[in-house]
Amino acid sequence: MGDDVRADVAARLERFGAGETAAVLGADAARAAMALAARATSGAVGGALDNAALDDLTAAGLLFHHRYSVTSDEARRRDFALAVRLLSPVAAMRPDRVPHRVHLVLDALADGPETAEASPEQSLEAGIDLLFVVQELGGRAALDAALRLLTRAEAAAPAAGRLRVRCLNALGAAHRRRWRTEGDPESLRRAVDCNQAAVEAHQGPDHERAGLLHSLGNAQRDLAAHTLEATAVGAAVDAARQAVRLAPDRAMYLNGLSLALRMRHRLSGDTTALRESADAARRACAALPEDHPDRAAYLNGLGQALLALDRSGGGDAEALTEAVARARECVAATPEDHPDLARHLDNCAAVLEQAAYRGTDPALMAEAVAVSTRAVAATDPSDADRWALTTNLASTLASHHRMGGPPEMLLKAEELAAGAVQHLPDGGPDHAMALNALGRILLTRGGAQARPELLRAGREVLQRVAANPAAASDIRLEAARDSGRAAAEAGDWEAARTWLGKAVELLPMVADRATALRDQERQLARYGALAGDAAACALRCADPEGALALLEHGRGILLARALERNGDLAELRAREPRLADRLEQLRARLSEPGRGAAGADDSRHTVAAEWESTLAEVRDIEGLGDFQRPPDLALVRQSLGTGAAAVINISEYGSHALVVRADGVRTVPLELDPQEVVDLVAVLRTGVARAHDQSSSLAASQLAQESLSEVLRHIWHAVAKPVVDTLPPGPDTGSRETAAPHRLWWCPTGTLSLLPLHAAQDPDAGPEAAVLQRAVSSYTPTLRALVLARRRLPPKPGTAVSSLTVSLPSTPGGDYLPGAARLDAVCSGLPGRRLAADSADRARVVEELPRHQVAAFACHAVADPVRPSHSHLRLADGPLPVAEVLALRLKAAELALLPMCETAQGGVALADEVLHLAAAFHMAGFRHVVGSLWLLADSAAAEAVDRLAGLLHAPHPQDAPGSSTALFLHRAVLAARTEDADAPSLWAPLIHVGP
């Protein structure tokens with residue numbers, strides 16, 4: 001066998017010498033050379049090589065050197081590194097048999113005299129060759145030698161010309177390699193500087209420039225991974241795009257673009273970047289030959305992009321199926337001795353596990369366990385990554401157990417997770433992941449076996465994760481949440497309040513404000529009911545003020561960011577722009593999920609401490625002591641005057657109304673659970689749809705109205721009556737007495753925000769059994785929004801008022817709206833601007849809004865219950881969505897009329913965000929907004945507009961617009977109820993948002 005291999009390699013070298021290049025290429029030639037080298041070293045005694053062994057190493061080394069000399073793709077670097085390794089012992093005994101290039105590299109490793117006297121060109125080539133050795137075989141000595149040679153070459157190269165460009169590019173690669181192996185941040189910045197200088201100095205052909213841009217993009221991507229700064233990842237994406245533009249079919253550049261876009265997604269959650277990353281990765285894989293040595297790595301990248309796309313909610317079933325196929329293909333393409341085998345196996349297992357969950361497929365989960373087991377086995381016991389992979393195996397075993405695996409599988413998972421916790425460095429992100437896995441396994445075992453000691457242990461382990469700033473924000477949040485819920489199940493309300501409160505505190509961190517609103521929605525949707533559950537636990541501990549603070553911090557996060565832009569953050573940016581920018585950067589860095597590059601683990605501790613110190617610095621500024629804190633309760637109470645705010649919280653841990661008045665906070669227990677609310681919303685929506693269905697019979701319509709009346713009766717007794725009973729006696733709100741009626745601001749949480757609390761009543765219980773008879777109702781998304789709206793002074797009496805009317809009673813794809821036509825007519829005599837037909841486009845509407853105090857929208861609106869940020873007004877050229885409205889800053893806006901369609905209907909999946917058009921216009925600057933929970937029937941819509949006309953045509957010139965909006969709307973709704981008492985769909989939907 002040995003003689004056959006020797007003869008095969010000898011024959012290939014002879015044929016190569018005769019001009020047959022293909023003789024040394026291909027997988028068979030490489031396998032033969034490696035087999036010959038293995039035979040040579042296996043027979044060495046005490047490290048000494050005999051002549052036969054030297055002959056074999058020489059032949060094997062020369063074959064790899066010849067392969068390197070005749071190829072130009074990325075695979076040649078490994079061939080050269082192997083040639084250096086195999087010919088190194090030969091050089092000492094037979095220097096004349098070693099090619100000059102290999103000899104120069106070996107001399108450089110020893111810092112010998114030959115390289116000291118080398119020309120810049122020779123130093124450059126030797127430095128690049130040494131980088132090949134470092135990339136494939138590692139070794140600090142080789143990297144030190146490469147940096148020495150390349151620094152010398154760059155210093156000696158002419159200031160202008162191709163040689164210096166090549167030196168700078170190679171020097172950048174060497175510094176980047178030092179960063180990746182040693183985690184030295186200064187090396188990373190030097191790499192970026194060198195690569196940037198190379199691009200700027202280049203004056204040659206496009207294909208060379210594309211390579212330089214690719215190198216720059218790689219360095220910028222590493223910088224982004226280290227600093228987590230949007231500017232760095234933006235620069236990486238820009239450089240990668242330029243490289244692809246210059247060489248669109250080069251697989252390496254496409255792969256670089258894919259990686260840069262994946263980094264953008266990691267830092268921002270931008271699913272658009274992730275989809276583009278997957279597309280670039282597909283093109284990169286398609287551009288590579290089937291037997292290319294980098295194909296496995298590219299397939300791995302594609303599989304991971306598709307997996308991330310699925311996890312982010314931006315993918316589909318086909319994307320996950322493709323991810324499974326590519327992951328399996330990647331593993332099959334990775335040689336058993338490849339250094340990335342374990343990583344590719346681990347990533348494949350993650351894809352399989354996700355697919356198993358999506359399809360509830362135990363066979364796929366079993367495959368995931370088998371692949372994850374192989375990943376651990378393929379890792380050397382001394383490898384630092386072994387225990388991180390062990391954590392992943394433990395989690396996969398636990399997942400398999402949840403899908404019906406045997407009990408002993410969970411015990412094995414616990415053993416593995418405990419081992420990972422013991423061996424991984426304490427305090428780092430990998431250690432946090434191991435603790436997270438162990439804590440969840442203990443909770444599962446404790447719950448299944450009714451063992452309180454295991455449940456306590458699981459809670460304590462998860463608390464360590466939640467308290468660890470090195471862990472990603474979403475991991476910390478979920479650990480705190482699950483520990484808190486386990487405490488609540490055990491009746492430990494103090495612990496439940498503490499840890500659910502910790503989860504609420506982290507909630508804004510997981511919705512990175514650098515992302516599109518739709519992506520922030522997806523991030524927050526995973527944590528529905530969290531703030532309400534935390535508040536319920538606080539109330540179990542008799543802490544209503546704490547409950548209010550939790551609800552303010554954990555609800556309306558996306559709306560609060562609009563308030564920040566127009567409030568806290570705007571003020572900070574105007575006074576201290578440096579601190580405002582720094583806070584935004586630090587929040588983004590703390591939001592970054594997953595593991596960083598070498599040296600990045602410890603940085604999260606530093607970033608967390610810097611966040612706290614920067615926040616403290618901001619709060620030391622006069623007037624900013626409450627920056628990004630829930631509003632001071634004393635300030636809330638003071639701002640209410642003689643009115644009251646009712647914060648309604650529905651939770652599986654208890655439901656309550658927190659009635660806030662100037663004289664204090666009263667906690668009112670409610671007999672209502674979350675499922676009841678969901679059922680009531682379903683009945684309401686079905687009833688409205690059937691009541692408005694023109695094809696329905698009269699009897700069917702009456703039944704629908706009766707179902708709506710039952711909803712109003714239910715919420716009267718369960719919610720509204722307990723609240724209004726806390727109010728002192730007052731005048732009949734339907735009268736026109738001079739005494740001011742009670743003002744009541746509703747602030748419902750969760751899906752309760754989808755119900756018309758202001759219209760709750762029970763006619764059978766007497767005329768006073770109705771909110772409309774007891775108080776003038778308004779709604780506020782949060783208490784903070786109410787405080788800010790009441791703090792802002794209305795225009796002075798007699799102030800000139802300008803109105804914007806947007807008139808589109810019909811748009812493509814929408815029915816004609818008689819109510820919209822009537823609103824247009826009512827507004828026709830108002831001073832200001834009217835946009836109609838084609839002129840009512842998005843750009844003009846957005847341009848005009850800041851110029852007017854009043855805006856009336858006589859157009860269609862669409863509510864999206866699943867993605868509320870997609871809710872929109874239908875304008876001439878397309879939708880004006882909630883996201884764009886929230887981005888506005890309207891400093892003089894006073895009254896917005898949005899009575900058409902469902903402008904006050906929020907989302908079901910994201911109900912705590914209170915994200916709808918009426919709230920968006922309020923947060924953008926309109927103090928008063930009139931919206932509708934559902935589409936009014938044609939005749940009712942026209943009548944409602946007639947009743948609202950007085951808001952636009954004030955009876956006295958000194959009346960400021962919007963000054964009596966709540967009372968005016970209240971009386972309009974009362975009048976409509978009087979006319980159609982048995983048809984709630986016609987009078988119940990209109991609401992007022994504002995002070």
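How many nonpolar, polar and charged residues does the lining of the largest cavity have? The legend to View 1 takes this up, after a short note on the model. This is a predicted model, in which local features need pLDDT of at least 70 and side-chain atom pairs count only at pLDDT 80 or more, while totals for chains, interfaces and linings use all residues. Residues are numbered from 1 along each chain as its sequence is written, and side-chain values use heavy atoms, with hydrogens and water left out.

**View 1. The largest cavity and its lining.** By class, 11 nonpolar, four polar and one charged residues make up this lining. (Ala, Val, Leu, Ile, Met, Phe, Trp, Tyr, Cys and Pro count as nonpolar, Asp, Glu, Lys and Arg as charged, and the others, Gly among them, as polar.) Of the 16 lining residues, S753, Y779, V914, H916 and I991 lie nearest the centre of the largest cavity. The elements that give two or more residues to the lining are β4 (743-748) and β14 (990-993). Helices (H or I, at least four residues) and strands (E, at least two) are DSSP runs, numbered from the N terminus. The volume of the largest cavity is about 160 Å³, and the structure holds seven cavities of 30 Å³ or more. Here a cavity is a set of points on a 1 Å grid over the protein atoms alone where a 1.4 Å probe fits but cannot get out, and lining residues have an atom within 4 Å of a point. Grid points are joined across faces, edges and corners, and a volume is the space filled by probe spheres set on the points.

**View 2. A salt bridge between E848 and R833.** The N to O distance for this pair is 2.7 Å. E848 belongs to helix α38 and R833 to strand β7, so the pair ties together parts that are 15 residues apart in sequence. E848 is buried at a relative accessible area of 7%, whereas R833 is partly exposed at 36%. (Buried means under 20% relative accessible area, exposed over 50%, and partly exposed in between, with a 1.4 Å probe and protein chains only.) A salt bridge here is a side-chain nitrogen of Lys or Arg within 4 Å of a carboxyl oxygen of Asp or Glu, and a search of the whole structure finds 48 of them.

**View 3. The stretch with A837, D841 and R844.** A837 sits in the loop between β7 (832-836) and α38 (842-848). Although A837 is not a glycine, its phi is positive, about 50°, and its relative accessibility of 48% makes it partly exposed. The side chains of D841 and R844 meet in a salt bridge, 2.7 Å from N to O. D841 is buried, at 13%, and R844 is partly exposed, at 36%.

View 4. With 36% relative accessibility E182 is partly exposed, while R178, with 14%, is buried.

**View 5. C901 in its loop.** Look for C901 between β12 (895-897) and α40 (917-924). Its phi is near 60°, a positive value in a residue other than glycine. C901 is buried, at 6% relative accessibility.

**View 6. A network of salt bridges.** The residues linked here are R101, E125, D129 and R166.

Note on methods
On a 1 Å grid over the protein atoms alone, a cavity is a set of points where a 1.4 Å probe fits but cannot get out, and a pocket is an open set with protein on both sides within 12 Å along at least five of seven lines; lining residues have an atom within 4 Å of a point.
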